Amino acid sequence: MKYKVFSLENMIVLFLGLVVATIGLIFMSRHLEASFYDDNNKIPVSQSSPVKYIDVEKIVNSIKEKNDTAELKYESKEVEDFRSLIYKVTDIKDVDKIGNVEYKCILISAITGEEIEFVDLIKKDKISDFNNRELELLRLKYPEFIVEAILDNGDNLGKKVYYVKDNEVIISYEGYKLSYQYSEPISLKINFNEIKDLVSFRPFLDLDYQNENGFSYTNNKKSIALTFDDGPSGKYNPLILDELNKNKARATFFMVGEMMNSCQKCVYDTYRSGNEVASHTYEHMNIKRGTVQKVEESIKKVNDLYYSITGDTIKYLRPPYGAYNKTNLENVNLPFIMWNMDTLDWRYRDVDHIVNYIMENAQDGSIILMHELYETSYEALKIVLPRLYAEGYQVVSIGELAKIKGRTLEIGNAYTSLR
């Protein structure tokens, strides 16, 4: 058997290698230890190393005894690094209001036993990132006029109140001055999945969650359908789509085939934006006067053109001039969508008239008729959308209104509203 003999030179190299490796391990250990706590040493960044927790139950029980007359609405259980108690209170000073209900969140560090604020749960070098994420989620939930009021806060009357749970933080925005009178509480839920890299503790993460989305409509609010005829307009279509998006609103656009041909991008952009495109015949035909064959040809041309642009199919027809007869209903394979609120925007071309008419006549389940071709209609839309939102309306497309109301729109029927 042969044995390999190490030279002195090899031994020195091996020794130096062990020294370097040891130094590296010491440095890494100290680095991990230093990064375990945030800068103010209140909350641990990770639970991968042992942490000494105090007996926070004594502190929590003391708080409960002190506030025994208040109703405890929530107590955190899943996160080791802090305890959160949310009270509904009527007799505790310095409480924070959500509407007519008063709440207070008491947040205790399980590391120091001190009462802390939500900002203490965010890594100091990530506060700006958190503010940006909050703004993104605000814009996802609320229309522009609410978000801008929160950002502006010119008189400095607005304040944010934080309610911390195991899996999320709820921010209540109190006292902000809005452009329109809005009675509902303004709040935002931020799931810890959204900010898990920004917090200075290991959060409890939901396996499944959804961010609040202003385009997720509900059947427990007033809803009204907005429709536009005679487009698309290369000038006003993108402006109208932008205004709808700013206000968490949707609409149905009853387009004329000839106009669709002239601005196919408008058709595609309307479809991709989440709004609806429907048929107003190919040449703005009075179908009441047309033969069955001519009407069928006109509608088919629109369907074929729409499919070539979007890969989807037309679902509704609005007869031009609102003119149709029994023969049309029996032979057209689309539901007819009429209206019960006619702004007559094409006749008056007056912003105040359009705004006043809509606000004075709006009702749950109504269908509003406007036109895509006029500047005054667009300018009125900029005013009426936030006002409708502030008054509790969801402005939606025909399909969304039918879904909210649990209605099936059937071929052979004409619908003036879905009330």
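P232 is buried, with a relative accessible area of 2%. This residue belongs to a predicted model, where P232 lies in the loop between β8 (222-231) and α5 (237-246). The structure also holds one disulfide, an open sheet of three strands, and a contact between helices α11 and α12. The points below take these topics in turn.

**Surroundings of P232**

- Leaving aside residues up to four places away in sequence, P232 touches N237, M255, V256, M259, M260, C263, C266, V267 and E372.
- P232 and S262 are separated by 30 residues in sequence, while their C-alpha atoms are 8.4 Å apart in space.

**The disulfide**

- C263 and C266, both among the residues that P232 touches, are joined to each other by a disulfide with an S to S distance of 2.1 Å.
- The link of C263 and C266 is right-handed, with 65° about the S-S bond.
- C263 has a relative accessible area of 14% and is therefore buried, since buried means under 20%.
- C266 is buried as well, with a relative accessible area of 5%.
- Another cysteine, C105, is buried with a relative accessible area of 15%.

- Y282 sits in the loop between β10 (276-279) and α8 (292-310).
- With a relative accessibility of 12%, Y282 counts as buried.
- Residues up to four places away in sequence aside, Y282 touches V256, G257, E258, N261, S298, K301, V302 and L305.
- One of these residues, V256, is also touched by P232.
- M255, which P232 touches, is 27 residues from Y282 in sequence and 8.3 Å from Y282 in space, C-alpha to C-alpha.

**The three-stranded sheet**

- Strands of a sheet pair through backbone hydrogen bonds, either parallel or antiparallel.
- The open sheet has the strand order β5-β6-β7, and the pairing is antiparallel.
- Its edge strands are β5 and β7 (187-191), each of which pairs on one side only.
- From one strand to the next, the twist averages 20°.
- Helix α3 (residues 127-141) packs on the sheet and touches β5, β6 and β7.
- The direction of α3 makes about 120° with that of β7.

**The pairing of β5 and β6**

- Strand β5 (residues 159-164) and strand β6 (residues 168-174) pair in the antiparallel sense over six bridges.
- A hairpin of three residues leads from β5 to β6.
- Y162 stands opposite I171 in β6, and Y163 stands opposite I170 in β6.

**Helices α11 and α12**

- Two packed helices are described by the angle between their axes and the distance between the axes.
- For helix α11 (residues 351-361) and helix α12 (residues 375-390), the axes come within 8 Å and cross at roughly 35°.
- The crossing of α11 and α12 is right-handed.
- On the α11 side, the contact is made by V351, I354, V355, I358 and M359.
- On the α12 side, the residues that meet them are T376, S377, E379, A380, I383, V384, R387 and L388.
- By type, the residues of the contact of α11 with α12 divide into nine nonpolar, two polar and two charged.

Note on methods
Residues numbered from 1 in each chain as written. Predicted model: local features only at pLDDT ≥ 70, side-chain atom pairs only at ≥ 80, totals over all residues. Heavy atoms only, no water. Pairing = 2+ DSSP bridges. Helix = DSSP H or I, 4+ residues; strand = E, 2+ residues; numbered from the N terminus. Disulfide = S-S within 2.5 Å. Buried < 20%, exposed > 50% of the residue type's maximum accessible area, 1.4 Å probe, protein only. Axes fitted to C-alpha atoms, helices over the stretch in contact; angles between N-to-C directions. Left-handed = near helix turned anticlockwise from the far one by under 90°. Contact = heavy atoms within 4.5 Å. Nonpolar A, V, L, I, M, F, W, Y, C, P; charged D, E, K, R; others polar.
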